[in-house]
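Here is a short report on one protein chain. Please look over the sequence and the model first.

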Amino acid sequence: MHTIFEAIIIGIVEGLTEFLPVSSTGHMILAQSLLNTQNDEVTKTFDFVIQLGAILAVVIIYWKRILSLFGLAKRQSESRTGKKLNLLHILIGILPAGIIGVLFNDIVDEKLFNSTTVLIGLVLGGILLIIAEQKKEKPQVEVLDDLTYKQAFYIGLWQLVSIWPGFSRSGSTIAGGMLSGVSRAASADFTFIMAIPIMIGASAVYFLKNYEAITSEHLAFFAVGFIVAFIVALLAVVSFIKFVQNMKLTYFAYYRFAVAIVFALYMFFK
């Protein structure tokens, strides 16, 4: 039985965590474990539906910059040299994860979507955040418009580790950007924008394979989750965008370690 209560709780979890470097997928898996949500095709499809709700929030926040990538809106460059982020940067950034995701999606879905792998991902991802924060060199790129194609590709490579649930797509790309000489703020901006085609593409592939899971019986379950995730993500992005851009990744790492320890204890004594 998939309830409206579950849809609301998991929608809130997704909206709050999608754009923080703490792994929204990992948090959803843990939340579903606590709620004893059925691990079936309906639940897996629901996860993709509510992620689209969160992505819609980013589209609204970044709509001018997104339109400018297609030449549909004028935007003054933030770069001192007059350079602008363009569509090729995004395509280069999403290419590695897009290819690997399509090739190994079924294996990841079958083998890695469980509480144990999430806890491992939370810890290893936290270590990556700490390593990125320890980088002492001054960033070569302070604003997003100065991002090079090479750096976009490096960030895309770092995004590959987020295929492991619990690592966090935003965490791996922000950390990867910082390790590639990009400022925390610019890395976060690129992460948010790059999430749009990645999540839409992943959802499209999944829906083509599992569209039968969306039935009239579960329509309210999907609709409520989507709406809740959208509203919470919209509020979260507006509230957290400067927070993520400026807060040290170390604090997010500590949070990840704490969640992993608490849930590991819960699993042990359950």
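Accessible areas here come from the Shrake-Rupley method with a 1.4 Å probe. On that basis the chain exposes about 13,000 Å². Carbon and sulfur atoms supply 70% of this area. The model is predicted.

## Overall build

The chain holds 11 helices and zero strands.

The C-alpha trace spans about 55 × 40 × 35 Å along its principal axes. For 270 residues, a compact globule would have a radius of gyration near 18 Å. The chain has 18 Å, so the two agree. Buried residues account for 51% of the 270. Take the contacts between residues at least 6 apart in sequence: 83% of them join residues at least 24 apart.

## Nonpolar cores

The largest nonpolar core has 32 residues. F19, L85, L147 and F190 have the most contacts inside it. Several helices supply at least two residues each: α3 (41-61), α4 (63-69), α5, α7 (149-158), α9 (184-210) and α10 (219-246). The largest share, nine residues, comes from α9.

What does F19 touch, leaving out residues up to four places away in sequence? Its partners are A54, I55, V58, R169, S170, F192, A195, A233, V237 and V244.

## Two serines with positive phi

Most residues other than glycine have a negative phi. S23 has a phi near 80 degrees, a positive value. This serine sits in the loop between α1 (4-17) and α2 (24-34). S23 counts as buried because its relative accessibility is 3%, and buried means under 20%.

S168 also has a positive phi, near 90 degrees. Its place is the loop between α7 and α8 (169-179). Is S168 buried or exposed? At 3% relative accessibility, S168 counts as buried.

## A nonpolar surface patch

L95, I99, L103, F104 and I107 make a nonpolar surface patch of about 490 Å². L95 lies in helix α5, which covers residues 87-111. The relative accessibility of L95 is 47%, so L95 counts as partly exposed. The partly exposed class runs between the buried limit of 20% and the exposed limit of 50%.

Key. Residues are numbered from 1 along each chain as its sequence is written. This is a predicted model: local features need pLDDT of at least 70, side-chain atom pairs count only at pLDDT 80 or more; totals for chains, interfaces and linings use all residues. Side-chain values use heavy atoms; hydrogens and water are left out. Patches are made of residues with over 30% relative accessible area and no salt bridge: like charges are joined within 9 Å, nonpolar side chains (Val, Leu, Ile, Met, Phe, Trp, Tyr) within 5 Å. A salt bridge is a side-chain nitrogen of Lys or Arg within 4 Å of a carboxyl oxygen of Asp or Glu. Helices (H or I, at least four residues) and strands (E, at least two) are DSSP runs, numbered from the N terminus. Buried means under 20% relative accessible area, exposed over 50%, partly exposed in between (1.4 Å probe, protein chains only). The radius of gyration is taken over C-alpha atoms; the globule rule is 2.2 Å times the number of residues to the power 0.38. Contact means heavy atoms within 4.5 Å. A nonpolar core is a set of buried Ala, Val, Leu, Ile, Met, Phe, Trp, Tyr and Cys residues joined through side-chain atoms within 4.5 Å.
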